[in-house]
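Hello,

Here is the structure we talked about. Please look through it, then read my notes below.

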Amino acid sequence: MQLCFWRRFLVSLAVFFFAGSIWAINSPSALAYENPDLLPERFTPVVDLAKTLPDPQEEKLVQELEQFETNTGWKLRVLTQYDRTPGRAVIKYWGLDDKSILLVADARGGNILSFSVGEAVYELLPRTFWIELQTRFGNLYFVREQGEDQAILQALDSVKGCLLKGGCNVVPGLPREQWILTVITSAVGGVICGFAAQPRNDKQIFAWQWALIFSPLWGILFIAFGIAPVITRTSDWVPLVRNISAFLIGVLVAYLSPVFSRPSSSTES
């Protein structure tokens with residue numbers, strides 16, 4: 001079970017960086033061709049060609065997206081596909097513009113989610129937001145555990161929530177795999193700080209000068225990679241306390257390591 005968790009954690013991390021490297025291409029297969037015959041005659045914000053959503057779930061989603069557009073003016077559209085795609089025909093069908101967000105779910109790739117976003121959306125939700133959103137909910141492990149329908153619904157809920165509160169720089173919520181990474185970086189930062197603070201002579205108790213010299217290194221690990229991802233994604237104080245504790249434990253262990261390695265008096269005699 002533990003081996004499976006770490007395998008999922010490492011794969012999720014690799015998928016995140018891989019998605020970032022291919023984001024510049026930004027050419028989802030849904031927009032590569034044009035086949036309007038696949039689109040329904042009656043207008044709907046959800047076109048489920050892959051039959052990913054059960055009928056009651058699809059009907060509820062349609063009502064929610066229509067109500068959201070009426071209340072806010074933002075157009076959220078969903079296209080699921082597998083063997084066939086309407087391609088660029090969705091642009092005319094939905095009247096996609098600068099205030100439109102198109103979610104495309106296609107199970108043929110390594111990540112089932114892709115997004116086509118209007119320019120006005122980037123003012124509230126930057127490109128890094130969409131990379132994180134795609135890798136969090138569209139990766140194979142999330143889809144395998146939660147299902148394709150939940151990948152779509154939870155991604156949309158994140159988008160709607162951020163639009164309602166005026167924008168987000170990161171995706172709200174802290175997945176366990178990401179929190180584990182912040183704990184590790186916090187502990188490593190503490191170890192570096194503890195080693196740097198070890199006294200260099202008998203008159204020193206704490207070598208604050210060396211700790212200050214190495215502060216850019218342990219500060220980045222602890223603050224930028226340990227604390228910032230937590231406080232920007234959740235208001236829960238428990239992960240924050242655990243990360244600070246991991247940092248302090250790392251400092252203490254590294255600072256006291258010479259005491260444990262020092263030979264005992266009986267050995268010296």
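Contact here means heavy atoms within 4.5 Å. By that rule Ser100 touches Lys75, Gly95, Ser116, Val117, Gly118 and Val121, leaving aside residues up to four places away in sequence. Keep in mind that this is a predicted model.

More on Ser100. This residue belongs to strand 3, which covers residues 100-106. Its relative accessible area is 2%, so Ser100 is buried, the cut-off being under 20%. The Ser100 side chain also makes a polar contact with the side chain of Asp97, at 2.8 Å.

Next, the cysteines. The count comes to one disulfide. Cys162 and Cys168 form it, with their sulfur atoms 2.2 Å apart. Which hand does this disulfide have? The torsion about the S-S bond of Cys162 and Cys168 is about -100 degrees, so the disulfide is left-handed. Both Cys162 and Cys168 are buried. Cys193 counts as buried too, because its relative accessibility is 7%.

Now the aromatic residues. The model has nine aromatic pairs. One of them joins Phe129 and Trp130. That pair is edge-to-face: the ring centres are 5.2 Å apart, with 85 degrees between the planes. Phe129 is buried, and Trp130 is buried as well. Elsewhere, ring pairs link Phe43, Tyr93 and Trp94 into a cluster.

Two charged side chains sit over rings. Lys99 lies over the face of Trp74, 4.7 Å from the ring centre. Arg127 places its charged end over the ring of Tyr122, at 4.3 Å from the centre.

Last, the record. An unreviewed UniProt entry lists residues 179-198, 210-231 and 237-256 under "transmembrane region". How much helix does the model give residues 210-231? The chain there is 95% helix and 0% strand. The end C-alpha atoms of residues 210-231 are 28 Å apart. Residues 237-256 are 100% helix and 0% strand. For residues 237-256 the end C-alpha atoms lie 28 Å apart.

Look at the polar contact between Ser100 and Asp97. Then go to the disulfide of Cys162 and Cys168. After that, view the edge-to-face pair of Phe129 and Trp130. Finish with the span 237-256, which is 100% helix.

Best wishes

Note on methods:
Residues are numbered from 1 along each chain as its sequence is written. This is a predicted model: local features need pLDDT of at least 70, side-chain atom pairs count only at pLDDT 80 or more; totals for chains, interfaces and linings use all residues. Side-chain values use heavy atoms; hydrogens and water are left out. A disulfide is a pair of cysteine sulfur atoms within 2.5 Å. Buried means under 20% relative accessible area, exposed over 50%, partly exposed in between (1.4 Å probe, protein chains only). UniProt positions are given in the numbering used here, feature names are shortened, and annotations may be inferred rather than shown by experiment. Helices (H or I, at least four residues) and strands (E, at least two) are DSSP runs, numbered from the N terminus. A polar contact is a pair of N or O atoms within 3.5 Å; within protein, one must be able to donate a hydrogen and the other to accept it, and residues adjacent in sequence count only if both atoms are side-chain atoms. Rings of Phe, Tyr and Trp (its six-membered ring) pair if their centres lie within 6.5 Å; planes under 30 degrees apart count as stacked, over 60 as edge-to-face and the rest as tilted. A charge sits over a ring if NZ of Lys or CZ of Arg is within 6 Å of the ring centre and within 35 degrees of the ring normal.
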